Amino acid sequence: TLQGALVWSWELRDEAQQSLFAQMGVFEGGATLEDIEEVVDLSHLEDEPFALDVIEPLVERSLVRAAPQTGRFSMLVSIQDFARQKLEDFPTKPSIFLRHAQCYAQWGDPKGMAEVQAHRIDALLQERGNIESAKYWALSEYSEETAKNAYLLGIAMSMILEVQGPFHQARALVDGMQGRAPVLQELGHVL
C-alpha cells in the first residue's frame, strides 16, 4: 500500500530528513527555500544542518518535489498527509505553526504592501494556501501573541481575494476579523 511505502521510506531517512519532512507538513501548496528555512527548525540536531542540504535527499527520493522555474518545494497530497501525521507527533508542533504564521503574516504588513502590489502580486497569489491555513491557525489559537499575525494574514488574504475573488469576501474578511477580538480592533486602528 501507499501508506506502507511511505512508512518504509520514512524509516530509511535520517533524523534531519525526518525532522524537515514532518515540519514541511505545515505548508499548504509548497514553499520557497527561504520560507522553509524561516519556518523549519533544525537547531535540535547535531551540527544544525542547512535546510537545502537536508531537502535534497528528500527530492532525490521523490518525497518532496522541486520546481526550479518557481523556486518552490512541495509534496503530493498523499505524501503531505503523511507528513502532517508525523507533524502531529512532533514535540515542538505549536512553535512550528507559530513560525509559519509569522512568516506569512509579513505579506499583510502595510509597510510592504506597495511592494507586494507593484512587484510581487504573483508571488502573493502562490502563497494563498499558506496564508489561508496560517490565518485559520492563528485565529483558532487566539492569544495576544497570535492576534497581530491573524490580522496581518487577514489583510494578505483580502489582497488575494481582491485579485482572485470572490471579491465581496475581501472587505468582509478584514471587518470580521476586527470584530473578533478587542486586540484585533486595536490593531486595525494602529496598522
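Predicted model: local features only at pLDDT ≥ 70, side-chain atom pairs only at ≥ 80, totals over all residues.
**Overall make-up**

The protein contains 12 helices and 3 strands. Of its 191 residues, 46% are buried. Among the contacts with a separation of 6 or more, 65% are between residues 24 or more positions apart.

**The sheet**

The 3 strands form an open sheet, with the order β1-β3-β2 and antiparallel pairing. Strands β1 (31–32) and β2 (65–67) are the edge strands, and each of them pairs on one side only. Strand β3 covers residues 72–74, runs antiparallel to β1 and is joined to β1 by 2 bridges. Across from Phe73 in β3 stands Ala31. In general, the strands of a sheet pair through backbone hydrogen bonds, and the pairing is either parallel or antiparallel.

**Aromatic pairs**

Searching the whole structure gives 5 aromatic pairs. One of them joins Phe21 and Phe82: the ring centres lie 6.1 Å apart and the planes are at 50°, so this pair is tilted. Phe21 belongs to helix α2 (residues 15–23) and Phe82 to helix α5 (residues 77–88), so the pair ties together parts that are 61 residues apart in sequence. Phe21 and Phe82 are both buried.

Phe97 and Trp137 form an aromatic pair of the stacked kind, with 6.1 Å from centre to centre and 25° between the planes. The cut-off behind this label is that planes under 30 degrees apart count as stacked. Because Phe97 lies in helix α6 (residues 93–105) and Trp137 in helix α9 (residues 128–140), the pair ties together parts that are 40 residues apart in sequence. Phe97 is buried, as is Trp137.

The two pairs described above are set out in the table.

| Pair | Centre distance | Angle between planes | Arrangement |
|---|---|---|---|
| Phe21 and Phe82 | 6.1 Å | 50° | tilted |
| Phe97 and Trp137 | 6.1 Å | 25° | stacked |

Phe21 and Phe82 also belong to an aromatic cluster, which they form together with Trp10.

Technical notes
Residues numbered from 1 in each chain as written. Heavy atoms only, no water. Pairing = 2+ DSSP bridges. Helix = DSSP H or I, 4+ residues; strand = E, 2+ residues; numbered from the N terminus. Phe/Tyr/Trp six-rings, centres within 6.5 Å; stacked < 30°, edge-to-face > 60°. Buried < 20%, exposed > 50% of the residue type's maximum accessible area, 1.4 Å probe, protein only. Contact = heavy atoms within 4.5 Å.
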